[in-house]
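Please consult the sequence and structure shown here alongside the text.

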Amino acid sequence: MRLQDKVIVVTGSTKGIGAAIAKVCAAEGAKVVVSGRSKADGECVLAQIVQAGGDARFIQCDVSNVDSVRTLIEGTVQAYGRIDGLVNNAGVFPRVSLLDVTESDYESVMEINVKGAFFCAQSALRYMIEQHCGSIVNIGSTHWRMGGPTQPVYSMSKGALHTLTQHIAQHFCRKGIRCNWVTVGWVLSDGEMDLTRSEGHNEAYLQKMLPMAMPSGRFQTGEDIAMACVYLLSDEATQVTGTDIEVTGGFKPEAIPTIDLSSLQGK
Ligand SMILES: NC(=O)c1ccc[n+]([C@@H]2O[C@H](COP(=O)([O-])OP(=O)(O)OC[C@H]3O[C@@H](n4cnc5c(N)ncnc54)[C@H](OP(=O)(O)O)[C@@H]3O)[C@@H](O)[C@H]2O)c1
């Protein structure tokens, strides 16, 4: 029970990695707010938590809408009286090469991955400052420095999130707030599998790529990522801020020799 009675919001926890983070936090004693756009998926995660004996609520939220974000954070404080932790997990990762990115591709990734996390942090910080304590965890990616050939906007969005992590860690530490980053390696989440299938591949294809890509010999799971979040949200980490925990199994996307040059042909 490393998060006993802590109130924790996990954005994008209706499925994938976020759902695993919400469930593990609840199993560690937290009061968890599950959120995302899909009410049906959110209520399914909520039911699993409650069935396992956890305490949770679902608050619908589209992080790309600032009013919706305020409703999420205010709704959390109304329900539980405080907010101890925020996991900025909601994210999208379409694969489009730089020369093919449209304005709407660009805007949708930035609105969710950057603007969403920014305003979630801003709304949560207002309460955390009053409490003089709080922990924000931003879910990052190995792609944040440069990214693969079909992820220019996604990579930039994670780069911006990395900067936000450092900004909050540095400038809000004296107000009792910590902010850290977890680098995710490669998780076969709902979103990752949908994307893989949409590109005409299946899990067997990914498993074939595994020995080449992943030094640890297996893909990471949502629970692997959740355990790093639990540590950063817990009182074990009260002196940890501005750090990066890599839960990547040694994965480096640039080491995969599968660049699809055809997708980079100029227009
Ligand atoms: N899977 C990987 O290998 C991998 C690697 C590196 C980093 N990551 C990062 O891990 C995070 C989670 O990814 P995942 O693989 O678990 O993806 P996923 O299975 O597609 O889940 C994404 C979650 O984000 C939510 N979401 C999407 N747009 C949203 C919006 N506008 N407002 C609120 N919630 C929204 C979705 O819920 P709704 O559809 O209900 O809104 C869903 O719960 C992302 O930040 C991603 O960049 C993943």
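The model is predicted, and every value was computed from it.

**Helix H3**
- Helix H3 comprises 15 residues, 66-80, and spans 21 Å from its first C-alpha to its last, close to the 21 Å expected at 1.5 Å a residue.
- At the start of H3, a side-chain oxygen of Asn65 comes to within 2.9 Å of the backbone nitrogen of Asp67.
- After H3 comes Gly81, which has a positive phi, near 85°.
- The buried residues of H3 are Val66, Ser68, Val69, Leu72, Ile73, Gly75, Thr76, Val77 and Tyr80.
- The cover over these buried residues includes strands E1 (7-10), E2 (31-36) and E3 (55-60), together with helix H4 (103-131).

**Helices H1 and H8**
- The axes of H1 (residues 16-27) and H8 (residues 222-233) come within 8 Å and cross at roughly 50°, so H1 is oblique to H8.
- The crossing of H1 past H8 is right-handed.
- H1 contributes Ile17, Ala20, Ile21, Val24 and Cys25 to the contact, while H8 contributes Gly222, Glu223, Ile225, Ala226, Met227, Cys229, Val230 and Leu233.

**Ser135**
- Ser135 belongs to strand E5 (residues 134-141).
- Ser135 counts as buried because its relative accessible area is 2%, where the cut-off is under 20%.
- The side chain of Ser135 reaches the backbone oxygen of Leu232 at 2.9 Å.
- Beyond its neighbours within four places in sequence, Ser135 is in contact with Asp84, Gly85, Leu86, Met128, Arg178, Leu232 and Leu233.

Conventions:
Residues numbered from 1 in each chain as written. Predicted model: local features only at pLDDT ≥ 70, side-chain atom pairs only at ≥ 80, totals over all residues. Heavy atoms only, no water. Helix = DSSP H or I, 4+ residues; strand = E, 2+ residues; numbered from the N terminus. Expected span 1.5 Å × (residues − 1). Buried < 20%, exposed > 50% of the residue type's maximum accessible area, 1.4 Å probe, protein only. Contact = heavy atoms within 4.5 Å. Polar contact = N/O pair within 3.5 Å; in protein donor to acceptor, adjacent residues only side chain to side chain. Axes fitted to C-alpha atoms, helices over the stretch in contact; angles between N-to-C directions. Parallel < 35°, antiparallel > 145°, perpendicular 65-115°, else oblique. Left-handed = near helix turned anticlockwise from the far one by under 90°.
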